[in-house]
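Reader: Please take me through the terms used for this model. I want each label set against its cut-off.

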Amino acid sequence: MKMGRKMIALGAIGVVGMLALSGCGRTDDTPTGEGPSAEAIDDSPATGEITIWAMGEEGENLGDFADAFVADNPDATVTVTSIPWADVMTKYQTAVAAGTVPDAIMIGSSLLPSMVAAGGLAPVPDGVVDAATLNETAEESTQVEGVSYAVPWYVETRVLYYRSDLAEAAGMSAPTTWDEFTSFAEGFRSEGAQYGIQLPMGDAEDSTQVILPFYAQAGGEVLNDAGDGYAWNHDALVAALDYYGSFFTDGLAPTSGYGDSQTSSFVDGSNPAFISGPWMVSVLADMEDADWVADNVATVPVPAGSANNDSYLGGGHLGVFADAKNADGAWKLIRWLAQADTQEAWFERTSGLPAVTSALEGFTSDPRVSVLNDQLQNTVAPPSVPSWDEMSAFIETEAEKVANGSSAEDAATAIEAKAESLGTGW
């Protein structure tokens with residue numbers, strides 16, 4: 001869930017505390033606070049084949065990574081099937097309907113509400129993980145009316161990356177406010193850069209991962225207090241869309257979005273700033289080397305609007321199917337993946353920030369990760385409601401219009417009307 005609409009599942013993961021989802025639009029199949037019962041997981045070794053679906057970089061790495069689990073549980077095997085983010089919900093719904101599910105599945109945090117609404121996930125049994133050890137917001141995001149349907153695996157947030165060498169040569173300091181952010185981008189361009197900032201544009205890149213934080217930074221909230229309806233703040237939405245669009249209409253950001261040149265234009269200095277997550281440190285180091293990153297790249301929390309400096313929060317969860325053939329083994333694998341030392345090793349493999357708080361604290365000696373840790377204290381995530389995926393796609397379309405010169409006022413009005421017609425999906 002790291003770049004692009006389906007890669008964040010997270011993207012968009014997003015991670016956000018589930019609010020009480022009472023109100024209209026429910027069906028008899030909607031989960032209730034009591035939830036189905038689940039047998040507690042004991043401490044005996046896992047046995048048998050454990051099948052799991054995972055996506056993106058996680059799907060590519062989990063198979064080899066789980067060899068350490070198998071070494072401790074020699075009567076168990078782990079079979080990982082890597083599937084594209086774009087296919088997740090279709091494959092999930094088909095497998096649940098046909099009764100051909102694997103044992104476990106990686107869940108982009110923003111997809112959890114749709115999966116729960118579709119049925120098929122088992123509640124988390126006792127004995128899998130101590131919720132108190134987890135990032136609080138991430139743990140809350142796994143719940144529907146008091147029932148947890150997944151275990152947080154990793155979390156992620158976004159910070160501002162910029163070419164510190166070029167900024168220093170131009171006598172510029174890192175921005176801390178919206179106005180400073182605009183001036184910062186203008187400063188890079190006045191010093192010879194083609195653009196001053198890279199921002200996502202269009203459906204393939206999920207521009208809501210910056211627009212939603214801009215909206216929160218302007219003081220807006222997406223859902224009402226009961227969590228059963230959208231409640232857009234019109235003025236904040238207009239401000240967020242107008243601010244986003246200004247970078248494009250003023251020529252500070254390319255209308256091509258990130259595109260294939262995101263990292264190369266950063267490295268060559270033609271576009272020396274972007275907002276992204278922890279994985280970009282290793283991506284840049286692979287392009288150049290670790291010393292180049294240390295000498296030329298800085299990360300800082302995202303600049304603040306009138307209300308705060310919230311950044312996007314996403315991540316990934318792990319869940320088990322109600323019809324899993326080896327649910328016991330799957331939960332034991334998930335318990336292992338949620339241990340602090342395992343999460344530290346996973347971070348070294350994938351740069352996925354640990355959902356276990358104690359594991360995350362161990363990385364604060366790295367200044368770039370320390371910044372991410374600081375940013376985690378100020379985050380916003382997409383609402384955990386089934387209709388958000390459709391809602392966010394509509395926001396992206398309207399935001400692209402604003403980036404091409406249309407009215408932010410008209411776009412905000414259209415978004416509010418769409419939200420009213422959609423409802424939350426529960």
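**Labels and their grounds**

Author: Helix α17 (residues 388-403) packs with helix α18 (residues 408-422) at an angle of about 165 degrees, their axes 9 Å apart. The model is predicted: local features need pLDDT of at least 70, side-chain atom pairs count only at pLDDT 80 or more, and totals for chains, interfaces and linings use all residues. Residues are numbered from 1 along each chain as its sequence is written, and side-chain values use heavy atoms, with hydrogens and water left out.

Reader: Why is α17 called roughly antiparallel to α18?

Author: Angles over 145 degrees count as roughly antiparallel, under 35 as roughly parallel, 65 to 115 as roughly perpendicular and the rest as oblique. The angle here is about 165 degrees. That makes α17 roughly antiparallel to α18. Axes are lines fitted to C-alpha atoms, for helices over the stretch in contact, and angles run from 0 to 180 degrees between N-to-C directions. Helices (H or I, at least four residues) and strands (E, at least two) are DSSP runs, numbered from the N terminus.

Reader: Which residues of α17 and α18 meet?

Author: From α17 come E390, M391, F394, I395, E398 and V402; from α18 come A408, A411, A414, I415, K418, A419 and L422. Contact means heavy atoms within 4.5 Å. By class, this α17-α18 contact has ten nonpolar, no polar and three charged residues. Ala, Val, Leu, Ile, Met, Phe, Trp, Tyr, Cys and Pro count as nonpolar, Asp, Glu, Lys and Arg as charged, and the others, Gly among them, as polar.

Reader: What makes α9 oblique to α18?

Author: Helix α9 (residues 234-249) and α18 pack at an angle of about 125 degrees, with axes 9 Å apart. That angle makes α9 oblique to α18. In this contact, H234, L237, V238, L241 and D242 of α9 meet α18 residues including A408, A411 and I415. The α9-α18 contact holds seven nonpolar, two polar and three charged residues.

Reader: How do you know whether G108 is buried or exposed?

Author: Buried means under 20% relative accessible area, exposed over 50%, partly exposed in between (1.4 Å probe, protein chains only). G108 has a relative accessible area of 0%, so G108 is buried. G108 lies in strand β3 (residues 104-108). Five of the five residues of β3 are buried. A104, M106 and G108 point one way from β3, and I105 and I107 the other way.

Reader: What pairs with β3?

Author: Two strands pair if DSSP finds at least two bridges between them. Strand β1 (residues 48-55) runs parallel to β3, joined by two bridges. There, W53 stands opposite I105. Strand β10 (residues 311-320) pairs with β3 in the antiparallel sense over five bridges. A104 stands opposite V320 in that pair.

Reader: What makes β8 and β9 edge strands?

Author: The open sheet has three strands in the order β8-β7-β9, with antiparallel pairing. β8 (273-276) and β9 (297-300) each pair on one side only. Four bridges join strand β7 (residues 159-163) to β8, and Y161 stands opposite F274 in β8.
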